[in-house]
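Please view the sequence and the structure together before reading on.

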Amino acid sequence: MSSLMKSKIADEKKIRKLVDLLENNKPNLVLKEVASFIKKQGSIPPQIEALQALAYIRLDRIDDAGVILRKIEGNFDTIVLDKNLEDFLTICYKELKDEGSMIDHLNRLLKRDPQNEHASNTLFNMYFLTKKWNEARSIAAKMKQLFGNSRYILYNIAVTALEAHTGDDDMKEKRFMLAERMLDKVIKDSAEVTREHVELFVQLLLLQGKKAEAIEKMDAYNDVLVRAYGNPEIVVSRKIEYCMSINEFDKGIKYAQEAIIEGYTNFSYLQVYIKGYDETKNKEYLEDLREILNERLEENTRNKLLGMMMCECRFDSKDEKFYDSILRYIHAFGKHPNAFTDVFPHAKQLPEDKLERLLLTLKKLYELNPSENISYRVLYNELRSSLKSEDETQANEVVDLFISTKNKGVIANKFCHIGVSELLKLYQKKHNFECILDAIYILEISRDTSPRNVYARLMLISLYTQLGFLNEAMTIWKEIDIKNIQYVTLGYMILTCFENFGRFDDGIKELSHMTGDVDTCINETTDSTSKAFQNNAIDKVFNFRKFYESQLENNIVVHGSGTQLALLSSLFPLTDEEVITNTLKGGFFDIDWSVVTDNRDLSTFKQMLFFNNFDLEKFTSITGNESRIFMKFKSYICGMAYNLRIENREMFESIYQKLKVLVETIKAKYVYEPTDINGFPTNTELGLHIHNPLFELFMEACGESLKIKPVIVFDKIDKFDLWNFRNQLMHLGITTYYCQLLSLLFGKTEMRQFLKDTFQTLIGRVNELRVVFSSTNDYNLIKKNYDDMNVVQKKLCKIIRRDYSTTLEDLESVIFFKMNKL
């Protein structure tokens, strides 16, 4: 064997070893191995250089990676290009998240190897995602010419459609018309019409709001779609859904009748009648539905009984027939885990006397055989909790039931949810903090006895973050193991709590996870788009694109996390002034915050809480608006801080005036006191921020009307009370936040001595709270009547001790650091 062949085999072994190390998340070991290779050989092949660059990227050493990549780029025309080098470089540029560099790299590849179909596809996808429509069209045309695959015409159609959808209104109609004509021609020239052809046409029409034409297109190619999906119900249900969305009820009912005659059982076939009546009040729809229910559907099926409730409710909710329809459903499906979901919307339409009869019937069914009929008791309490006002006796009764069934899986989980709901309603009415503690006790019992009760864990996270038990909240967070975009939408509730309690380091870590997960989601969406083009599913790219834009780019979570990360990073002990300036620059979003969407998944919490007449959409709108104000408020602070540091006084003044208007507008709305604990974790504590004396001093300093005076006054605290201590700790955390902000911007001005004195006051307050905190071991928690609760109470004492101690230590550390830096 020649020495050249031996060297090549040795290099391949080294490459496999480095790839294995990277796949096992060991980039440091990759660098050590590469250093060893260089020491032995003096040089390394470009494939290993590319893996070295990838290791640097994964260690966030971007500059070092850039040096290697630029070296490879400089020699690109002369190096031996193989599949390994191509793949390694593509991964490097992808993980750099720099679309421009990726596009340049792919163009270099295609210059060397114009026949590289994979690189051409990837380049097309990059142009498509970055809205470089002309370049994308050009690549699609070249691929059609080079590789002779007619599918690349579909690429061109997708580009034209999305350019029409996202581009100028003047050309929108013409571009859509062009895309339709192109697709018509493709279908006529094709030997076989495919699912992709039909669905792409349907998506084209839906993008233009032409749902009626989309239905006609599905009718014309019904056999193609049925053959592709293997289930005619999928196709019929979509047609009915489109019909309902444009109020074409007669057409939707025609599809439903045909499906029912064929023996199909999708519930949407009944819903079209109900929605038809709801929109038009035409009782013929109800008469037809009643006839179908009586003649066509099998007895005692869930669809039939649910349909009867929906139908009779609309005829006359006071009629005995409606009440009987509910009873028939309960006798057949009252033990089903989803019985409440089906019964609740109808039970709440009953007159008061019939509702009482229904509840009494459920209770009697349970009492006939308590062990066998416990599900009836669950449904009784679910309905009572949702339809009746808060009641202390009812709350205690449900807690009893939960304790007695704690090991019974789904039954126990349901009693847990009902009990927490009742306790939260009592708290909202009486503001008795014991209700919150009781809710924590039963949630912790459920956490211990029911590993799959995710809702209980989410509720604990909500309560613990609001109380400042942040270590334990993160422990539970890991138990749930939430991934990627779910982490972003649900995780936002944690972030302001870290900030409010002065846990800046932990806040930065969680924010970094969130921004990293946003990047991951963007990459996954990019990959999904690419696969849709290559796997005969071009119609799906429109949904991926919509998700890419609305969920990841235009989202309060993304903008909000960027703002918070900028401020927290700047307040944290950083020494590089340029890094501080750049992070502040990155936190200023000069956008119309009113149009930023709030996509946090609050509906998850609604599924656990039994609150009557709770309008989630309205609640999300209100709380989302508060979050938008908070983000706008902090974005202005970032912008002012950045422009002050670069001495752009004009821009600084412009942003200051915007902040001043915002503060004056909302100051009366948000009072200077902590918000109540809420089952839905949405409070930003905006009132504590906007009225904080040091924030007011910040506004004065920025407006050049500074009057330095002792502004920090803390309430005297003699003994430990959990609610009061939590509030005082949060007040200290927010005050420390603004003291840091002032020292960041004005630490070198005449304010310096005042800031030193203020930091000293904050240290004194930390010590005061520590003395009160260490004065008790049981934290004055009231002993409960249940042994299970008392066991949890001891656990809660440990949580309080650990988490509040950590918070006090973190606050003390950052205060000393900032004070000594002045």
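## A loop residue

Between which two helices does the loop that holds asparagine 432 lie? Asparagine 432 is found in the loop between helix 24 (410-430) and helix 25 (433-449). The model is a predicted one.

Asparagine 432 is partly exposed, because its relative accessible area of 37% falls between the limits of 20% for buried and 50% for exposed. Between asparagine 432 and arginine 302 there are 130 residues of separation in sequence and 42 Å in space, taken from C-alpha to C-alpha.

## Domains

Two domains are assigned: domain 1 covers 3-113 and domain 2 covers 719-821. A distance of 49 Å separates the C-alpha centres of domain 1 and domain 2.

## A patch of negative charge

On the surface, Glu284, Glu287, Asp288, Glu291 and Glu295 form a patch of negative charge. One of these residues, glutamate 287, has its place in helix 17 (residues 283-295). With a relative accessible area of 42%, glutamate 287 is partly exposed.

## Salt bridges

The model contains 51 salt bridges. One of them joins the side chains of glutamate 163 and arginine 137, at 2.8 Å from N to O. This pair connects distant parts of the chain, with glutamate 163 in helix 9 (residues 151-166) and arginine 137 in helix 8 (residues 133-147), 26 residues apart. Glutamate 163 has a relative accessible area of 10% and is therefore buried, the limit for that term being under 20%.

Arginine 195 and aspartate 539 also meet through their side chains in a salt bridge, at 2.8 Å from N to O. The two residues are 344 residues apart and link distant parts of the chain: arginine 195 belongs to helix 11 (residues 195-207), and aspartate 539 to the loop between helix 29 (504-534) and helix 30 (541-553). Both arginine 195 and aspartate 539 are buried.

Arginine 503 is buried, with a relative accessible area of 2%, whereas aspartate 810 is partly exposed, with a value of 27%.

Salt bridges with shared partners also unite Glu444, Arg447, Arg457, Glu472, Glu479, Lys795, Arg802 and Asp803 in one network.

Key. Residues are numbered from 1 along each chain as its sequence is written. This is a predicted model: local features need pLDDT of at least 70, side-chain atom pairs count only at pLDDT 80 or more; totals for chains, interfaces and linings use all residues. Side-chain values use heavy atoms; hydrogens and water are left out. Domain bounds come from an automatic or database domain assignment. Patches are made of residues with over 30% relative accessible area and no salt bridge: like charges are joined within 9 Å, nonpolar side chains (Val, Leu, Ile, Met, Phe, Trp, Tyr) within 5 Å. Accessible areas come from the Shrake-Rupley method with a 1.4 Å probe; for residues, only the protein chains shown count as cover. A salt bridge is a side-chain nitrogen of Lys or Arg within 4 Å of a carboxyl oxygen of Asp or Glu. Lys and Arg count as positive and Asp and Glu as negative; His and the chain ends are not counted. The place of a charge is taken as NZ of Lys, CZ of Arg, CG of Asp or CD of Glu. Helices (H or I, at least four residues) and strands (E, at least two) are DSSP runs, numbered from the N terminus. Buried means under 20% relative accessible area, exposed over 50%, partly exposed in between (1.4 Å probe, protein chains only).
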